[in-house]
Amino acid sequence: MPPSEARSAAAYVRRELTERLGGTRLAHGDVRVHATPRRLIAVVTEVAAREPDHERTVKGPKVGAPEKAVAGFARSQGVPVETLETAEVGGVPHLVVRRPEVGRAAPAVLADVLAKVVGGLRSAKNMRWNDPQLSFTRPIRWLVALWGDEVVPLAVSSLLAGRETRVLRTAERPVLAVASAETFMETLAVNGVVADAEDRRELIVTGAQDLVWDTGRIDVAGEAALIDQITYLVEQPTPLLGTFDERYLELPAAVLTTVMRKHQRYLPVRAADGTLLPMFVTVANGPVDVELVRAGNEAVLRARYEDAAFFYRADRQTPLAAMRDKLGQLTFTDKLGSMADRAGRIAALAAELAPRPSATLERAAQLVKVDLGSQLVTEMTSLAGVMARDYARNAGETEAVAQAVYEAELPRSAGDDLPASLPGALLSLADRLDLVAGLAATVGLPTGSSDPFAVRRAVLGLLAVHRAHPELSGVDLTAGLAAAGALQPVDVPAAVLADAGAFLAGRLEQVLTEEGHPVDRVRAVLPHAGRPAFADLLLAQLGRLIADPGFRALAEAIQRARRIVPDGTAAGYDPALLKEPAEVSLHETVRAVRAGLPADTDLSGFTALAGPLTTPVTVFFDEVFVMADDPALRAARLGLLATVRDLGAGLLDWPQLRL
């Protein structure tokens, strides 16, 4: 199984087995699941011999139901009417029948449960073989199901469970009989299969480090994703050290490591300062002829590096303008035009988002996506941006322009680096806004776990880049989506833009909540989902102010005004109608606060300016009867409170705060 599917399949088996066993009366202990490339292993401890006997209650009509209904129920259960009993179901008396049920033996229970678990196995990409009732990422070839030393009578479609399992293909006896459930894991281990993924990972890491300890090191943290992949590609990790010609070190390090990681699943070896050494570690599966396997892997890597070197030399001799011209021959999508069209939209949108003109941004925008027209990136698309920077430097562009073109592609995945420069951040935002607006209008936003066009990743990238650049807090991503929509070659209706904005807000809420922020505060700042950097600022200020009695009193005063004012009441009133000292005092305070309140204030600034409202609001509610008999006076008082209500309306969603 591919690594990601092995992990998801193991999670499925653990979840389904736990839930389905929980739906029986069979006592059992822990459920552990292991996954390797060839097998899924579920180990359930302390399984009882049988279910306890049980009395099942069959619910009938309510007490007092018509005689025909009662007689029909008794007849359906095969009992005389006079034997029916009475019991409360949901607090209502019903006629019931008590039926004793003998507990099933463990093998019978397990057979039923496991059949459903195995039959429900699915993956992102399923295949069918000569068993039409089964569908999984790989053919299911054999089943082993044991309770103690007894075979569980499990049948799934045409497959019958037994006690024979397969071990390493290179083993002297590749098929073995397992004596009992208790010895199953031991049988695998003795025959070289390392079932536990953590154990395999440890063998890979320690084995690789032992091979290079005197010459270099393995960047275990930096290669964590690759190590995880390898962990699920082997059952008995056997690390091997290989080398390549030093002349290939003239290629960019990103090219060398991409070939190693993406194509061959090799671990790069680095010097103490992080530079690459002409070595790699590959991981074989089980005992192998070390010299033969090493030579084969070195030959494959040499061929790939020769191809990469050829493409790299050719690309560096190609003018950037010629590369850019090739973008017109690359289709982005049928409805959204070519990559040249997309690059043009990104350039226009970045200029629109920019808080001020920038020569670096202008030139970098002309080169965005340029390396997609290169031979090397055509072969290895993950190098997009990396090679754009290299080719821009080679062509004599400034370092700032080269860096911005590289940063336009960031972040490429969760946890990746973010653009450090403002031009790079603007291009990154424009890239993702264009993608989200265009795909939302043509293929729709992702639902569930399906996201074939990586729209969710693009939105998360938007949020991450904006949050990393507080100087862009004035850039509204919701407005950016509208601007991106206007540049598309297809119509992007307002409803689509609204859905995209809601999708962005939902992702921000999820991200902030996962970071540990209280849900009420996150929802209070969500009106600024289009400006996530500003939402971050408000959250930080809320964290400090929530314990401040002055802020709490102000928030409670605003909430009190909000609660009493009917929905739809406009903020506005005739001050001449206000005569009571308390309402005049509140009016004067409101007028002073409104006059001093800037349009772009943050929460700290608002609290400092609006703090004087607290006492007049409290006195107003203590001394003034809001719902006066005089309609004009009542409207003036409600309008005054509506003005208080709206003072911070654009800053927080105040009703969400739990004070």
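The model is predicted.

Three of them form an open sheet, in the order 12-14-13, with antiparallel pairing. Strand 12 (237-243) and strand 13 (267-270) stand at the edges. Each has a single partner strand, so one side of each is left without a neighbour in the sheet. On average, neighbouring strands here are turned by 30° against each other, direction ignored. In general, strands of a sheet pair through backbone hydrogen bonds, either parallel or antiparallel.

Look next at one pairing. Strand 13 and strand 14 (residues 276-285) run antiparallel and are joined by 3 bridges. Within this region, L267 stands opposite V281 of strand 14.

A helix packs on this sheet. Helix 5 (residues 197-212) touches strand 12, strand 13 and strand 14. The direction of helix 5 makes about 30° with that of strand 12.

**Helix 22**

Now move along the chain. Helix 22 covers residues 581-596, 16 residues in total. From first C-alpha to last, helix 22 reaches 23 Å. That is close to the 22 Å expected at 1.5 Å a residue.

Which residues of helix 22 are buried? They are A582, E583, L586, H587, T589, V590 and V593. The cover over these buried residues includes helix 23 (603-610), helix 24 (614-623) and helix 25 (631-646).

L504 is found in helix 18 (residues 494-514). L504 counts as buried because its relative accessibility is 2%, and the cut-off for buried is under 20%. V436 is 68 residues away from L504 in sequence. In space, the two are 9.8 Å apart, C-alpha to C-alpha.

R389 lies in helix 13 (residues 386-394). R389 is buried yet has no salt bridge. How far away is the nearest side chain of opposite charge to R389? That side chain belongs to E399, and the distance is 5.9 Å.

| Residue | In contact with |
|---|---|
| L504 | V459, L462, L463, L477, A529 and G530 |
| R389 | A402, Q403 and Y406 |

**In brief**

Helix 22 has buried residues, including L586 and V590. L504 is buried, and R389 is buried without a salt bridge.

Definitions and conventions: Residues numbered from 1 in each chain as written. Predicted model: local features only at pLDDT ≥ 70, side-chain atom pairs only at ≥ 80, totals over all residues. Heavy atoms only, no water. Helix = DSSP H or I, 4+ residues; strand = E, 2+ residues; numbered from the N terminus. Buried < 20%, exposed > 50% of the residue type's maximum accessible area, 1.4 Å probe, protein only. Contact = heavy atoms within 4.5 Å. Expected span 1.5 Å × (residues − 1). Lys, Arg positive; Asp, Glu negative; His and termini not counted. Salt bridge = Lys/Arg side-chain N within 4 Å of Asp/Glu carboxyl O. Pairing = 2+ DSSP bridges. Axes fitted to C-alpha atoms, helices over the stretch in contact; angles between N-to-C directions. Lists of a residue's contacts leave out its neighbours within four places in sequence.
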